[in-house]
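I opened this notebook to keep track of what I looked up in the structure, entry by entry.

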Amino acid sequence: MSWKNVCEVSQVKEDFPFSAKVEGKEVGVYLIDGNYYALEDVCPHAYALLSQGFVDDGKVECPLHEALFDVRTGQCLREPGGRDLQTYATRVIDNQIQITFIAEE
């Protein structure tokens, strides 16, 4: 299992997720109820960064066409999302949020 640094803990706020490109993948990191979650950051319906959308109650709304996703599970809750999002395991080491792509293997 290979862990990759994404950002510092201080860069993620409840209302302001962090967006990064990790190994060529757009990833959004969210802070929900004291826990960090990471999921693919591009809406499957049309190219829009979900991390720039509205975050409320553990859900993120696409800023382009209002598709809604559960940040914890990646589940598409409202169309036109088209499919669930890929999620990534997270951990915090020395104030760094790290993710792994192990779920894809």
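I began with Val-12, and, leaving aside residues up to four places away in sequence, I found that Val-12 touches Cys-7, Phe-18, Val-29, Tyr-30, Leu-31, Tyr-36 and Ile-97, where contact means heavy atoms within 4.5 Å. I noted that this is a predicted model, in which local features need pLDDT of at least 70 and side-chain atom pairs count only at pLDDT 80 or more, while totals for chains, interfaces and linings use all residues. I also noted that residues are numbered from 1 along each chain as its sequence is written, and that side-chain values use heavy atoms, with hydrogens and water left out.

Of its 16 residues, Val-6, Val-12, Val-27, Val-29 and Ile-99 touch the most other members. Two or more residues each come from β1 (3-8), β2 (18-22), β3 (25-32), β4 (35-40) and β10 (96-100), strands being DSSP runs of E, at least two residues long, numbered from the N terminus. A second, separate core has 15 residues, among them Tyr-37, Cys-43, Val-55 and Leu-85.

Then I turned to an open sheet of four strands, which is antiparallel and runs in the order β5-β6-β7-β8; two strands pair if DSSP finds at least two bridges between them. β5 (54-56) and β8 (76-78) are the edges with a single partner strand each, so one side of each has no neighbour in the sheet. Inside the sheet, β6 (residues 59-61) and β7 (residues 68-70) pair over three bridges, and Lys-59 stands opposite Asp-70 in β7.

Definitions and conventions. A nonpolar core is a set of buried Ala, Val, Leu, Ile, Met, Phe, Trp, Tyr and Cys residues joined through side-chain atoms within 4.5 Å. Buried means under 20% relative accessible area, exposed over 50%, partly exposed in between (1.4 Å probe, protein chains only).
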